[in-house]
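Here's a quick walk through a predicted model.

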Amino acid sequence: MTAQTDSRDRRPRRTARRRVVDTGRREELLRQAEAIILAEGFTSVTMDELAQRLGCSKATLYSLASTKEQLVLAVTRAFFRDATAEIEQAVQAEPDARQRIRVYLTGVGTAMRRHSHAFYDDMVGYEPTAQIYRKNSAAAAHRVHELIEEGVQSGVFRALNGHFAAQVVAVTIDAVQSGVLLERTGLTAGDAFSELGDLLLDGLSAGQGAFAPSSTAGRSPGGQVSTPR
């Protein structure tokens with residue numbers, strides 16, 4: 001999906017009013033602001049409204065970020081950073097190289113449930129956050145490629161074009177995020193990534209049921225390809 005820059009100016013005015021906030025309070029306010037922005041998006045939410053809903057002054061809110069733009073960027077980066085850390089922890093805890101792709105994709109689906117379509121639309125429609133999204137989508141495709149290569153090296157996956165499979169995952173992530181795939185299939189985000197994991201594992205797995213390479217396949221008298229028995 002190509003992100004389009006929204007012509008509306010979402011950047012708030014800068015303010016000289018700042019207030020020193022202790023680290024614990026600052027982190028709590030950031031978590032609360034993140035929850036609101038992920039649930040509702042950021043186009044229509046003002047700093048005045050955020051301060052009121054967070055139960056703090058605007059001076060306190062501006063101690064977290066100097067502008068609304070900076071706050072939105074901080075929330076977006078934190079979302080991807082935290083999701084990546086959680087997913088990688090789960091992947092590293094899985095000893096089966098074959099199952100790591102499923103664990104990874106399930107983790108992506110779980111993370112995606114944390115934000116709304118409104119946040120996604122705002123994120124891809126505003127170029128600074130769209131850049132963060134594209135960077136993390138590319139990183140996800142690269143990580144899947146790594147997991148595929150690990151599986152090939154350990155002998156649980158057959159050798160194939162891992163880069164292609166990784167790009168299929170990247171396109172699917174974008175289709176799920178945009179809602180197009182979910183609308184057409186009726187699946188939830190988590191279910192969609194579970195299905196994708198099954199498709200990848202069935203297609204990649206070595207052993208019985210895997211397609212034989214074309215060099216080892218025989219041809220019937222009618223010219224049809226038949227695998228060795």
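## Overall layout

Going along the sequence, the pattern is α-α-α-α-α-α-α-α-α-α-β-β. Keep in mind that this is a predicted model.

A few whole-chain numbers are handy to have in one place:

| Property of the protein chain | Value |
|---|---|
| Buried share of the 229 residues | 40% |
| Share of contacts joining residues at least 24 apart, among contacts between residues at least 6 apart in sequence | 70% |
| Accessible surface | about 12,900 Å² |
| Part of that surface belonging to carbon and sulfur atoms | 51% |

## The nonpolar cores

Which residues touch the most other members of the largest nonpolar core? Those are Leu 50, Leu 54 and Leu 61, out of 29 residues in that core. The elements that each put two or more residues into this core are α1 (23-40), α2 (47-54), α3 (58-64), α4 (68-93), α6 and α7. The top contributor is α4, which gives six residues.

Leu 54 is worth a click in your viewer. Setting aside neighbours within four places in sequence, Leu 54 is in contact with Arg 25, Leu 29, Gln 32, Ala 33, Ile 36 and Leu 61. There's also another core, apart from the largest one, with 23 residues. Its members include Tyr 104, Met 112, Ile 173 and Leu 182.

## Where α6 meets α7

Two packed helices are described by the angle between their axes and the distance between the axes. Here, helix α6 (residues 117-125) packs on helix α7 (residues 127-154) at an angle of about 100°, and their axes are 5 Å apart. Angles of 65 to 115 degrees count as roughly perpendicular, so α6 is roughly perpendicular to α7.

Who does the touching? On the α6 side, the contact involves Tyr 120, Asp 122, Met 123, Val 124 and Gly 125. Their partners in α7 are Glu 127, Thr 129, Ala 130 and Tyr 133. By type, the residues of this contact split into five nonpolar, two polar and two charged.

Which residues of α6 are buried? The set is Phe 119, Tyr 120, Asp 122, Met 123, Val 124 and Gly 125. Besides α7, the buried residues of α6 pack against α1, α4 and α8 (162-178).

Key
Residues are numbered from 1 along each chain as its sequence is written. This is a predicted model: local features need pLDDT of at least 70, side-chain atom pairs count only at pLDDT 80 or more; totals for chains, interfaces and linings use all residues. Side-chain values use heavy atoms; hydrogens and water are left out. Axes are lines fitted to C-alpha atoms, for helices over the stretch in contact, and angles run from 0 to 180 degrees between N-to-C directions. Helices (H or I, at least four residues) and strands (E, at least two) are DSSP runs, numbered from the N terminus. Angles under 35 degrees count as roughly parallel, over 145 as roughly antiparallel, 65 to 115 as roughly perpendicular and the rest as oblique. Contact means heavy atoms within 4.5 Å. Ala, Val, Leu, Ile, Met, Phe, Trp, Tyr, Cys and Pro count as nonpolar, Asp, Glu, Lys and Arg as charged, and the others, Gly among them, as polar. A nonpolar core is a set of buried Ala, Val, Leu, Ile, Met, Phe, Trp, Tyr and Cys residues joined through side-chain atoms within 4.5 Å. Buried means under 20% relative accessible area, exposed over 50%, partly exposed in between (1.4 Å probe, protein chains only). Accessible areas come from the Shrake-Rupley method with a 1.4 Å probe; for residues, only the protein chains shown count as cover.
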